[in-house]
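I opened the model to go through its surface, its charges and its helices. These are my entries, in the order in which I looked things up.

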Amino acid sequence: MDGSSKEEEDSTFTNISLADDIDHSSRILYPRPKSLLPKMMNADMDAVDAENQVELEEKTRLINQVLELQHTLEDLSARVDAVKEENLKLKSENQVLGQYIENLMSASSVFQTTDTKSKRK
């Protein structure tokens, strides 16, 4: 037993050499930062990418909304211009019709003013 126990101890100690200690020293001294850093950076980058994606989608939505509102404003402006033009045309027609009616009334005896006071006396 002493021999096998000694072999186990020797094999345990012989598997770890000074060269291995030097090679693994950085891993032993800094295992968490090196192993967590890429994961944290990936997680942070994923969060940033997700945040950037959300911001990009929001910007795209807002740009599309602004463009839609601009087109709506252009359509409304065109409609206002058409209504103004139609309004001017109708005012002109109303003036012509008003003048025509006024001329008809002045030519007709039915619409002539009568002096009621002079007829009573």
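I started with glutamate 86, which counts as partly exposed because its relative accessibility is 38%. The classes I used are buried for under 20% relative accessible area, exposed for over 50% and partly exposed in between, with a 1.4 Å probe and protein chains only. Glutamate 86 sits in helix 3, residues 31-107. Helices here are DSSP runs of H or I with at least four residues, strands are runs of E with at least two, and both are numbered from the N terminus.

I noted the basis of the values: this is a predicted model, local features need pLDDT of at least 70, side-chain atom pairs count only at pLDDT 80 or more, and totals for chains, interfaces and linings use all residues. Residues are numbered from 1 along each chain as its sequence is written, and side-chain values use heavy atoms, with hydrogens and water left out.

Next I looked at the surroundings of Glu86. Asp81, Glu85, Glu86 and Glu93 form a patch of negative charge on the surface. Patch members have over 30% relative accessible area and no salt bridge; like charges are joined within 9 Å, and nonpolar side chains (Val, Leu, Ile, Met, Phe, Trp, Tyr) within 5 Å.

I then checked the record. An unreviewed UniProt entry lists residues 59-93 as "coiled-coil region"; such annotations may be inferred rather than shown by experiment. In the model this span is 100% helix and 0% strand, and its end C-alpha atoms are 50 Å apart.

How many salt bridges does a search of the whole structure find? It finds one, counting a side-chain nitrogen of Lys or Arg within 4 Å of a carboxyl oxygen of Asp or Glu. The partners are arginine 61 and glutamate 58, with 2.7 Å between the closest N and O atoms. Arginine 61 and glutamate 58 are about one helical turn apart, because three residues separate their positions in helix 3. Arginine 61 is partly exposed at 43% relative accessibility, and glutamate 58 is partly exposed at 35%.

I moved on to the nonpolar surface. Tyr100, Ile101, Leu104, Met105, Val110 and Phe111 make a nonpolar patch of about 640 Å². Phenylalanine 111 lies in the loop between helix 3 and helix 4 (116-120) and counts as exposed because its relative accessibility is 52%.

Last, I took the totals. The protein has four helices and zero strands. Buried residues make up 0% of its 121 residues. The accessible surface is about 11,600 Å², 59% of it from carbon and sulfur atoms, by the Shrake-Rupley method with a 1.4 Å probe.

Conventions: Lys and Arg count as positive and Asp and Glu as negative; His and the chain ends are not counted. The place of a charge is taken as NZ of Lys, CZ of Arg, CG of Asp or CD of Glu.
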